[in-house]
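Here is a short note for a colleague who has not seen this structure before. Please keep the sequence and the 3D view open while reading the points.

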Amino acid sequence: MTDAGQKIREQYADTGGFTDHVFAVTALLGFQFIPRIRDLPSKRLYLFDPASCPKELKGLIGGKVREPVISSNWPDILRSAATMVAGAMAPSQLLRKFASYPRQHELAVALREIGRIERTLFIIDWLLDADMQRRAQIGLNKGEAHHALKNALRIGRQGEIRDRTAQGQHFRMAGLNLLAAIIIYWNTNISVTLSIVATVMVWTAQQTFWRISHPSGGRTSFSPANTGGPKDDQTALA
């Protein structure tokens, strides 16, 4: 759930935002992570029992899921998920904590194993679901267009926020988001208006063409019964 009260179902990202920890965290939060992985053929799948895998797929298997690690850390995983859902800690903050440890934390290892499971399921779905690929491409295009709009609005600062206080940075970002939302809303209204005007113009042109081509008053129509067929030919011969 976002700050605006919207429930997230899918999160799109480029290859740069793809890690096993991100797969795990998004799964725990209840939505699907759909990255566009550039080097997808080089990624390997992880199974609970690699020995049962068909020999034709052996080259795609990267290893075995360490299920005992997940089971032993499951209470901590649930507490972490509850902390993120309650808003006490942002998911990005949790991921930064894991990255700052000199040695991999036991919880980080467990989340990585969950992420490998989710990544394996995602790769299978991605290869079989063309609609998912289309949705990801559309979502990424929208995000890139949104960032391009904000970059165009940041005149003279070259994308930098130079306010010293956190409150000033928050106000500046809120103002930028508000200005971008106003422009998007205005463009949407204009697009809808232009679509309606274009529809009316096409309809008017069709009516004008109909009156010009039927100067007798337009009693005939383009229905199949009056367009000429076997029945009309028989009447003409009679």
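**Notes on the predicted model**

1. Glu113 touches Lys64, Val65, Arg66 and Ile70, leaving aside residues up to four places away in sequence. The structure is a predicted model. Glu113 belongs to helix 5. Is Glu113 buried or exposed? With a relative accessibility of 0%, Glu113 counts as buried, because buried means under 20% relative accessible area.

2. For orientation, the chain contains eight helices and four strands. Along the sequence these follow the pattern β-α-β-β-β-α-α-α-α-α-α-α. Of the 238 residues in the chain, 24% are buried. Among contacts with a separation of 6 or more, 53% join residues 24 or more positions apart.

3. Helix 5 (residues 106-128) also packs against helix 1 (residues 20-29), at an angle of about 85° and with the axes 7 Å apart. Helix 1 is therefore roughly perpendicular to helix 5, since angles of 65 to 115 degrees count as such.

4. Which residues make up this contact of helix 1 with helix 5? On the helix 1 side they are Asp20, His21, Phe23, Ala24, Ala27 and Leu28. On the helix 5 side they are Ala108, Leu111, Arg112, Ile114, Gly115, Arg116, Glu118, Arg119 and Phe122. By type, the residues of the contact are eight nonpolar, two polar and five charged.

5. Next comes helix 6 (residues 130-153), whose 24 residues should span 34 Å at 1.5 Å a residue. At the N-terminal end, Asp129 caps helix 6, with a side-chain oxygen 3.0 Å from the backbone nitrogen of Asp131.

6. Where helix 6 is concerned, the buried residues are Met132, Ala136, Leu140 and Lys150. An α-helix has 3.6 residues a turn, so residues three or four places apart point the same way. The cover over the buried residues of helix 6 includes strand 1 (10-13), strand 2 (32-35), helix 5 and helix 7 (166-213).

7. The last point concerns a loop residue. Ser42 lies in the loop between strand 2 and strand 3 (45-47). Its relative accessible area is 43%, so Ser42 is partly exposed. A polar atom of the Ser42 side chain lies 2.7 Å from the backbone oxygen of Asp39. Ser42 and Leu60 are 18 residues apart in sequence, and their C-alpha atoms are 8.5 Å apart in space.

Conventions: Residues are numbered from 1 along each chain as its sequence is written. This is a predicted model: local features need pLDDT of at least 70, side-chain atom pairs count only at pLDDT 80 or more; totals for chains, interfaces and linings use all residues. Side-chain values use heavy atoms; hydrogens and water are left out. Axes are lines fitted to C-alpha atoms, for helices over the stretch in contact, and angles run from 0 to 180 degrees between N-to-C directions. Helices (H or I, at least four residues) and strands (E, at least two) are DSSP runs, numbered from the N terminus. Angles under 35 degrees count as roughly parallel, over 145 as roughly antiparallel, 65 to 115 as roughly perpendicular and the rest as oblique. Contact means heavy atoms within 4.5 Å. Ala, Val, Leu, Ile, Met, Phe, Trp, Tyr, Cys and Pro count as nonpolar, Asp, Glu, Lys and Arg as charged, and the others, Gly among them, as polar. The expected span of a helix is 1.5 Å times one less than its number of residues. Buried means under 20% relative accessible area, exposed over 50%, partly exposed in between (1.4 Å probe, protein chains only). A polar contact is a pair of N or O atoms within 3.5 Å; within protein, one must be able to donate a hydrogen and the other to accept it, and residues adjacent in sequence count only if both atoms are side-chain atoms.
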